[in-house]
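Here's a quick briefing to read alongside the model. Have the viewer open and follow the topics in order.

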Amino acid sequence: MRRQYTKQDILEVASQLDVRYVRLQFIDLLGVIKNVEIPVDQLPKALDNKIMFDGSSIEGFVRIEESDMYLVPDLSTWLVFPWDSGQGKVARLICDVYLPDGSPFPGDPRVVLQRAVARAREMGFSAFNVGPEPEFFLFKMGEDGKPTQEMNDEGGYFDWAPLDLGENCRREIVLTLEAMGFEIEASHHEVAPGQHEIDFKYADAVEAADNIATFRMVVKTVARQYGLHATFMPKPVYGINGSGMHCHLSLFRDGQNAFYDERDELGLSDTARWFLAGILEHACGFTAVCNPIVNSYKRLVPGFEAPSYVAWSAKNRSPLVRVPAARGPSTRIEVRSPDPSCNPYLAIAVMLASGLDGIRRKLPLPPPVNRNIYMMTDEEKEAAGIRSLPENLNHAIAALEADEVLREALGEHVFTHFVEAKRIEWNMYRIQVTEWEREQYFNAY
């Protein structure tokens with residue numbers, strides 16, 4: 001739970017810690033952090049919501065004739081970075097974007113998630129908790145200061161030094177995050193060479209999305225201090241595992257986990273089963289948001305531990321959704337398809353909207369699939385009603401366009417601009433001539 005700061009608290013801390021600059025941070029449609037940096041003497045003006053910026057220059061925002069927008073800081077996100085810029089301390093405030101008439105900007109991804117959470121509250125749920133597990137790769141930097149394609153180690157799952165040469169960097173990332181208030185639950189080398197995972201404690205949806213965005217920034221910043229390049233690209237290297245961002249989800253009502261029922265064979269309440277059924281119902285639709293780039297679909301293939309099929313299980317890890325063994329307050333579902341390139345606000349919003357739709361409609365939950373789906377024949381998968389996730393970004397966009405629940409959850413502005421941006425991305429990729437094609441065809445034809 002974040003500390004609830006007042007304006008006076010923030011001004012006093014800024015003075016005590018000799019903060020010189022403040023970043024007013026927000027996020028664009030594609031999940032990229034943007035900020036307006038102000039000298040600390042402008043902080044009172046920022047706390048009075050009087051800082052404006054040009055929204056026409058931000059991906060997915062507005063046309064130039066509608067460009068004036070206000071940044072409204074969320075005071076609970078006040079944070080002084082633990083490193084020194086060389087020119088004094090720097091702090092940040094995460095902001096919501098507002099229009100000149102004082103209304104929230106419907107194209108702000110953070111506003112989209114806040115709207116989804118408000119709908120959960122209208123249905124009687126006091127909290128939607130999200131526990132992310134983001135993975136990333138570390139690559140060496142070249143003498144020219146640019147990233148190379150050389151991974152920084154040859155370690156494997158849970159390896160440690162000297163195999164895990166990124167251990168010191170990863171430890172420094174953890175220490176930095178802890179200094180910023182993160183509660184780190186685990187950190188380790190992942191399956192692939194150069195691949196790492198740091199898990200931090202779950203939080204309510206908006207705070208969780210803020211944490212993911214902050215985490216990505218810290219990882220890249222600390223990696224560069226160690227002469228490494230951190231990437232959240234889902235599949236940077238052919239033939240090895242890609243990076244995912246499994247999300248553990250749970251709803252609470254009046255302080256109690258709404259997913260738990262001790263009378264059920266699996267300990268799952270009707271609410272949990274309906275929510276899970278909604279996730280499965282809308283999985284193909286939300287894939288475009290949770291796996292938003294062309295490269296995402298190089299990860300979502302059989303053989304590399306990433307889910308390819310729409311199914312669930314409490315016993316194995318090949319389906320889209322796993323139900324971890326913990327029960328009571330820790331009862332949750334784990335959606336395994338999202339990857340760390342996603343916009344965390346939009347990804348969490350569409351997963352929440354999917355689950356809430358399942359609860360509203362009381363969707364029946366299909367039987368679990370406790371076999372290794374990768375070993376099943378096509379006929380067996382068809383008999384079990386197991387669908388495949390979209391196989392590329394183009395198919396995922398089409399599935400999103402056909403999903404009215406998710407379109408409504410995103411809002412018309414975000415939906416329209418997101419689809420437009422992804423269509424452009426797909427078409428740019430589609431017309432490229434790759435090195436693989438040249439190797440295969442240049443001499444043969």
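A nonpolar core here means a set of buried Ala, Val, Leu, Ile, Met, Phe, Trp, Tyr and Cys residues joined through side-chain atoms within 4.5 Å. Buried is under 20% relative accessible area, exposed is over 50%, and partly exposed is in between (1.4 Å probe, protein chains only). This is a predicted model, so local features need pLDDT of at least 70 and side-chain atom pairs count only at pLDDT 80 or more, while totals for chains, interfaces and linings use all residues. Residues are numbered from 1 along each chain as its sequence is written, and side-chain values use heavy atoms, with hydrogens and water left out.

**Cores**
- The largest nonpolar core has 100 residues, and those with the most contacts inside it are Leu249, Leu251, Phe275 and Ile333.
- Leu249 is in contact (heavy atoms within 4.5 Å) with residues including Phe128, Phe259, Phe275, Ile333 and Met351, leaving aside residues up to four places away in sequence.

- Helices (H or I, at least four residues) and strands (E, at least two) are DSSP runs, numbered from the N terminus.
- Ser269 sits in the loop between β14 (256-257) and α6, and counts as buried at 7% relative accessibility.
- The Ser269 side chain reaches the backbone oxygen of Ala258 at 2.5 Å and the backbone nitrogen of Ala272 at 3.1 Å.

**Helix α8**
- Helix α8 (residues 344-361) has 18 residues and spans 26 Å from its first C-alpha to its last, close to the 26 Å expected.
- With 16 of its 18 residues buried, α8 is largely enclosed by the rest of the structure.
- At the start of α8, a side-chain oxygen of Asn343 comes to within 3.1 Å of the backbone nitrogen of Tyr345.
- Just after α8, Lys362 takes a positive phi of about 50 degrees.

Key. Expected span 1.5 Å × (residues − 1). Polar contact = N/O pair within 3.5 Å; in protein donor to acceptor, adjacent residues only side chain to side chain.
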